[in-house]
Amino acid sequence: LSQLSSPLHMLGMIYRQLNSGMVDAEKLLKLLEEETEIVDAPGAKDLVVTDGVIEFRDVHFSYDGKVKALDGVSFRIDKGTSVALVGESGSGKSTILRLLFRFYEIGSGAILIDNQDIRDVTQVSLRKALGVVPQESVLWNDTVEYNIGYGRQGATKEEIIEAARAARLHDRIMSFPEQYNTVVGERGVRLSGGEKQRVALARTILKEPAILVLDEATSALDTENERFVQQALEKLANMASQAEGRSSLMIAHRLSTIVSCDQIIVMRNGKIIERGNHRDLLARDDGVFAGMWNQQISVDRDMAEEVVAQLVD
Ligand code: ADP
Ligand code: MG
């Protein structure tokens, strides 16, 4: 029984902390990461990000030594460009992100950022360069300003407002009685799931990471919020690719989110089976992406009709 009680106890603790809004989502991510036994190489230097060029070179990886999670993956994210990963569940998308963060050691090949092998740099500097918008964000029982400003110590009010605007949260904040001084969270104004996610977006925007990593997981949100979050993600990805040569890598479930991405990578069984921009991929008659796109379009049409039917009722 004692063997059982320990992880259960841990889960209960995490659950309670989540509920009380007192856990930093990124810390939680680390906490939940099974194996963090990876140590820095002796004499590891800090990663120096100049252009934010990311390169996967023939990367092979398996979690269990049997099933190939990644089977010879090569791609390059050029300076200031955006890349989206798509593909069915289990195809290897999240694995690519985990390996970029070096949560696991690859089997063979190499992952480079600005020509530095990520095995040769300190993990702290690596993770500092990668800005991730968490799927679940946690709010502090504090003001909106604090909750966004938490993304970067010493951020000015103007910078916080700018970030809130970019995350499409500013108008909502201005509708609160005390605007940016409004307390949110358990003991204050309760934000919807979509609004929380936009707080997380604003935080990340404020952090100005050299490389943006987005895992778009909006399944828990209702359609309305999902649309907002999608727009904000698009905006973030656009901002990322326009200004300051920031590169971005995102996992997209809703294909409409990635129309403007520079490169779309289609995964299947740990391999890249198609790549190109949206227009190129749609132009392929028997293309996998084209098929996914057409299917999703038809599903969305059904969904739209359903919503309209409910409204008419
Ligand atoms: P995706 O994000 O595209 O849904 P993943 O990268 O999570 O796919 O998974 C790729 C493959 O690796 C799948 O076969 C999956 O079952 C396996 N896998 C993912 N995470 C783990 C893990 N922690 N331990 C063992 N196998 C895993
Ligand atoms: Mg995944």
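# Sheets, helices and a ligand shell in a predicted model

Trainee: Where do I start with this one, and in what order do the strands of the open sheet run?

Mentor: Bear in mind that this is a predicted model. Four strands make up an open sheet, ordered β2-β1-β4-β5, and their pairing is antiparallel. The edge strands are β2, residues 70-77, and β5, since each of these pairs on one side only.

Trainee: How many bridges join β4 to β5?

Mentor: β4 and β5 run antiparallel and are joined by two bridges. One residue pair to look at is I113, which stands opposite Q116 in β5.

Trainee: And what sits in the loop between β4 and β5?

Mentor: D114 is placed there, in the loop that links β4 (108-113) to β5 (116-117). The phi of D114 is near 45 degrees, which is a positive value in a residue other than glycine. As background, most residues other than glycine have a negative phi.

Trainee: Is D114 buried or exposed?

Mentor: D114 is buried, because its relative accessible area is 13% and the cut-off for buried is under 20%.

Trainee: Switching to the parallel pairings, which strands does β7 pair with?

Mentor: Strand β6, residues 130-133, pairs with β7 in the parallel sense over four bridges, and β7 also pairs in the parallel sense with strand β8, residues 247-251, over five bridges.

Trainee: How many residues of β7 are buried, and which way do they point?

Mentor: Strand β7 spans residues 211-215 and is mostly covered, with five of its five residues buried. I211, V213 and D215 point one way from the strand, whereas L212 and L214 point the other way, and all of them are buried. An acidic residue, D215, is therefore included in that buried set, as the cut-off of under 20% relative accessible area defines it.

Trainee: OK, ligand time. What surrounds ligand 1?

Mentor: The shell around ligand 1 has 13 residues, and the closest are G90, G92, K93, S94 and T95. Sorted by class, that shell has three nonpolar, six polar and four charged residues.

Trainee: Which atoms lie at what distances from the oxygen atoms of ligand 1?

Mentor: A polar side-chain atom of T95 lies 2.4 Å from an oxygen atom of ligand 1. From the backbone, an N or O atom of G90 lies 2.6 Å from a ligand 1 oxygen atom, and an N or O atom of S91 lies 3.2 Å from one. Taken alone, ligand 1 exposes 560 Å², and the protein buries 65% of that.

Trainee: Last topic, how far does α8 reach from its first C-alpha to its last?

Mentor: Helix α8, residues 193-207, has 15 residues and reaches 21 Å from its first C-alpha to its last, close to the 21 Å expected at 1.5 Å a residue.

Trainee: Why would you call α8 largely enclosed?

Mentor: Because 12 of the 15 residues of α8 are buried, the helix is largely enclosed by the rest of the structure. Among those buried residues are the charged side chains E195, R198 and R203, along with V199, L201, I205 and L206. Just after α8, E208 takes a positive phi of about 45 degrees.

Notes. Residues numbered from 1 in each chain as written. Chains lettered and ligands numbered in written order. Predicted model: local features only at pLDDT ≥ 70, side-chain atom pairs only at ≥ 80, totals over all residues. Heavy atoms only, no water. Buried < 20%, exposed > 50% of the residue type's maximum accessible area, 1.4 Å probe, protein only. Near = heavy atom within 4 Å. Polar contact = N/O pair within 3.5 Å; in protein donor to acceptor, adjacent residues only side chain to side chain. Areas by Shrake-Rupley, 256 points an atom, 1.4 Å probe, with all protein chains shown as cover. Expected span 1.5 Å × (residues − 1). Pairing = 2+ DSSP bridges.
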